[in-house]
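Q: I'd like to go through a couple of residues in this model with you. Can we start with the side chains?

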Amino acid sequence: MRNLIVISSILISLLLFSSCKRNHYKVNTSSTHVSINIKRLEKDLFSIDPEKIMDSVPVLKDRYDDFLQLFSYVIRTGSINDSSFSDMLVRFCTDKLNNEVYAYTMKIFPGLDQIEKDLEGAFSHYKHYFPDRNIPSVYSCITGFNYSIIAGDSVLGISLDRYLGADCEYYPELGIYSYISARMTPENVVPDCMYGWADSEWEYDSTGYASDNVLAHLIHQGKLKYFEKCMLPDITDEILFGFTQEQMNFCRNNELQMWQYLIEHDLIFSTDQFEIRKLTGEAPFTAYFTKESPGRAAMWLGFRIVENYMMKTSGITLEDLMNEKNLQEILENARYNPK
């Protein structure tokens, strides 16, 4: 009997431990299958005989619909209905550098099967959390390195020339800093798609937050990253935040110190745009902390606040979170107390 009690106690302990370690981002999406078929605009554009591009514009308009207009704005060729559009598109497609980049892109992305598969998984999670929302049509393109993700009403575009690898020869020539190009890799395509989609669905300027301050930016970024994690539950923190292993360790080990710094220096409710940019903008490190910190380190704090809020507040759905405007309520209910 004593042995039975001991074994039972061990089993209970293991079950409790397993429950504590369970990934709460994991959900059952078996009933929400999504099909993604990426239409490759770059292939259609650069495989056309330049002399036939003008005649092909009506076909491109029909095949690419609203995305062609978004693409045109990104490459600065204006309205696709303007008489000058065809001429400007010919210039884009016959540009020597653009053709070199297209060839380079085709070596890195000869097919997009894995990206399609990963997006299907991510958008299956999206459909699970937001059953009434539509899944966007997905396109690929090259934009002359202008944009990474192009998101609009029901469309999502991937600018593949922004994901050619951290060591891509074009990036330093364009003046792209290494701490940015480190994230311009194929493995970041799908995470960036989900972040970009969330950012277009819940734009900061249309959220209706009471104040435009540091807290608003931290929690808004935290919401977007939490959304991204829900769509990609197996994503590593390093890919999620775009940090190196060392930078991620810095954030984990200095979470309390970073939070205390913001409080002690009255930065939480600061509306100074310069201070907001220093905390949330692209940079090799966060100047308020140390050179060992990553740029945008404060985004980690925003994510941790949101994660605490979702774990400690019952009955809150992901859609509730994304639509919540009362940031003070999120902060209070998160009972955020880093150790």
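Q: What joins the side chains of Glu 42 and Arg 40?
A: In this predicted model, the side chains of Glu 42 and Arg 40 are joined by a polar contact of 2.6 Å.

Q: And where does Glu 42 lie?
A: Glu 42 belongs to helix α2, which covers residues 41-46.

Q: Is Glu 42 buried or exposed?
A: Glu 42 counts as buried, because its relative accessibility is 1% and the cut-off for buried is under 20%.

Q: Which residues does Glu 42 touch, leaving out those up to four places away in sequence?
A: With those left out, Glu 42 touches Tyr 102, Ser 140, Cys 141, Ile 142 and Leu 160.

Q: Switching topic, where is Arg 296?
A: Arg 296 sits in the loop that runs between α14 (273-280) and α15 (297-312).

Q: Buried or exposed, that one?
A: Arg 296 is buried, since its relative accessible area is 12%.

Q: What does Arg 296 touch, again without residues up to four places away in sequence?
A: Its contacts include Arg 183, Phe 241, Gly 242, Phe 243 and Glu 282; for Glu 282, which is 14 residues apart from Arg 296 along the chain, the C-alpha atoms of the two are separated by 6.4 Å.

Technical notes
Residues numbered from 1 in each chain as written. Predicted model: local features only at pLDDT ≥ 70, side-chain atom pairs only at ≥ 80, totals over all residues. Heavy atoms only, no water. Helix = DSSP H or I, 4+ residues; strand = E, 2+ residues; numbered from the N terminus. Buried < 20%, exposed > 50% of the residue type's maximum accessible area, 1.4 Å probe, protein only. Polar contact = N/O pair within 3.5 Å; in protein donor to acceptor, adjacent residues only side chain to side chain. Contact = heavy atoms within 4.5 Å.
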